[in-house]
Amino acid sequence: MRAKLRWKENWFWIFMDPDRDICCLAHATVEPTMDRAFASFTLLHGGRTYSSAKEVPMPVPFEHSREVKLGDLTYRFVKPQAEFQVEFENDEMAVTLDFTARMALFDFLACSDVNPDQLSISECTGFGLGQFRHQSQALEGRGTVRLKEDGRVIEVAGSAYRDHSWGMRNDETAHDHNWSVINFPDHAFHIFRLHGALRPNVTLMEGYVATREGNRVLKTIDIEYLGRDDEDLPEKVTFRAVDYDNQSYTIVCDLAARYARIILHSQKPGDLTYVNSENMCPCILQETGDEGQANVEIGWLTGAGAKEV
């Protein structure tokens, strides 16, 4: 497994505008040492899924570039940690989304500092080599979606999140996971639970809560699945967490009332594939009664050999 480590950089952008029935994902991964990249963009509107996922040429220039072009997908880093633009255009659609920071950037290295007695997901992903970084940030988004089939142009505005990771990693180290980003008016959460492929009985958890005053690491996290739908995914997911100031949070995400369920295409299909089901749905913070929007990503390893791990 360690021999399969390679340097990767990932960007993931999530956007939800349920009022206009638009939900979309933009994802890209680059592997410079293997001279390859993979980019995907998926949009759900009117019950129809528009999706593109393919290997693309390695972007040049790449390192420190403020614009990264990955085939039909383009990322622009307008102002560090504050303003970003994502563009996608193919034969079916042309999408421009402008993102602005809603909360401060969070670096998951802080989880290891606050909870040194807990296993770190970054350490698991990079086999303890200390060369893997993971950051995320709650955003607001707005822009335009043009559907070329009928020429409609839809002005959109909604909640968003971005995720950025880079370093030496091996994605086959994950057996299953829950990776959820949650936006409320005065709070944002990112909660991550993973079981490793080598030791699936070991649970790794990390997360944080963001407020206007700043970010706080979550000391304890519990995730409960309730009910099962016809795709064998939960109908509701309840998160219970306590931050390092001993503030408690209970978040209920209603997947049965989801706006969208989208499969994230993050890699070229192969014998051993990791499936990511993205579930965009309403949620409630029980302590305050606030209503929000969440993307609950549930993933699992599948394919030859997956069940024997």
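1. Ground rules. The model is predicted, so local features need pLDDT of at least 70 and side-chain atom pairs count only at pLDDT 80 or more, while totals for chains, interfaces and linings use all residues. Residues are numbered from 1 along each chain as its sequence is written, and side-chain values use heavy atoms, with hydrogens and water left out.

2. The largest pocket. Its volume comes to about 510 Å³. Lining it are 18 residues, and the closest to its centre are Glu-9, Trp-11, Ser-65, Phe-77 and His-164. On the terms: the search runs on a 1 Å grid over the protein atoms alone; a pocket is an open set of points with protein on both sides within 12 Å along at least five of seven lines, a cavity is a set where a 1.4 Å probe fits but cannot get out, and lining residues have an atom within 4 Å of a point. Grid points are joined across faces, edges and corners, and a volume is the space filled by probe spheres set on the points.

3. Who builds that pocket? Strands β1 (6-17) and β11 (152-169) each supply at least two lining residues, and β1 gives the most, with 3 residues. Strands here are DSSP runs of E with at least two residues, helices are runs of H or I with at least four, and both are numbered from the N terminus. By class the lining of the largest pocket has 9 nonpolar, 5 polar and 4 charged residues. In this scheme Ala, Val, Leu, Ile, Met, Phe, Trp, Tyr, Cys and Pro are nonpolar, Asp, Glu, Lys and Arg are charged, and the others, Gly among them, are polar.

4. The whole structure has 4 cavities of 30 Å³ or more. The second largest cavity holds about 50 Å³, and residues lining it include Cys-111, Asn-115, Met-205, Glu-206 and Leu-218. Two or more lining residues come from each of α1 (109-114) and β14 (203-211), with β14 giving the largest share, 3 residues.

5. Aromatic pairs, part one. The count is 15 aromatic pairs. For Phe-108 and Tyr-208 the ring centres are 6.0 Å apart and the planes sit at 80 degrees, so the pair is edge-to-face. The rule takes rings of Phe, Tyr and Trp (its six-membered ring) with centres within 6.5 Å, and calls planes under 30 degrees apart stacked, over 60 edge-to-face and the rest tilted. Phe-108 is in the loop between β9 (106-107) and α1, and Tyr-208 is in strand β14, 100 residues apart. Phe-108 is buried at 1% relative accessible area, and Tyr-208 is buried at 0%. Buried means under 20% relative accessible area, exposed over 50%, and partly exposed in between (1.4 Å probe, protein chains only).

6. Aromatic pairs, part two. Phe-189 and Tyr-249 are also edge-to-face, because their ring centres are 5.1 Å apart and their planes are at 75 degrees. Phe-189 belongs to strand β13 (residues 188-196) and Tyr-249 to strand β17 (residues 248-254), so this pair ties together parts 60 residues apart in sequence. Phe-189 is buried at 0%, and Tyr-249 is buried at 4%. Elsewhere on the aromatic list, Trp-7, Trp-11, Trp-13, Phe-62, Tyr-75, Phe-77, Phe-84 and Phe-99 form one cluster.

7. Glu-31: buried or exposed? Buried, as its relative accessibility is 7%. Glu-31 sits in strand β2 (residues 22-31), and its side chain makes a 2.9 Å polar contact with that of Arg-36. That term covers N or O atoms within 3.5 Å; within protein, one must be able to donate a hydrogen and the other to accept it, and residues adjacent in sequence count only if both atoms are side-chain atoms. Beyond four places in sequence, Glu-31 also touches residues including Trp-7 and Met-58, where contact means heavy atoms within 4.5 Å.

8. Thr-96, in strand β8 (residues 93-101), is partly exposed at 22%. Leaving out neighbours within four places, its contacts include Gln-85, Glu-87 and Arg-142. Ala-160 is in strand β11 and is buried at 1%.
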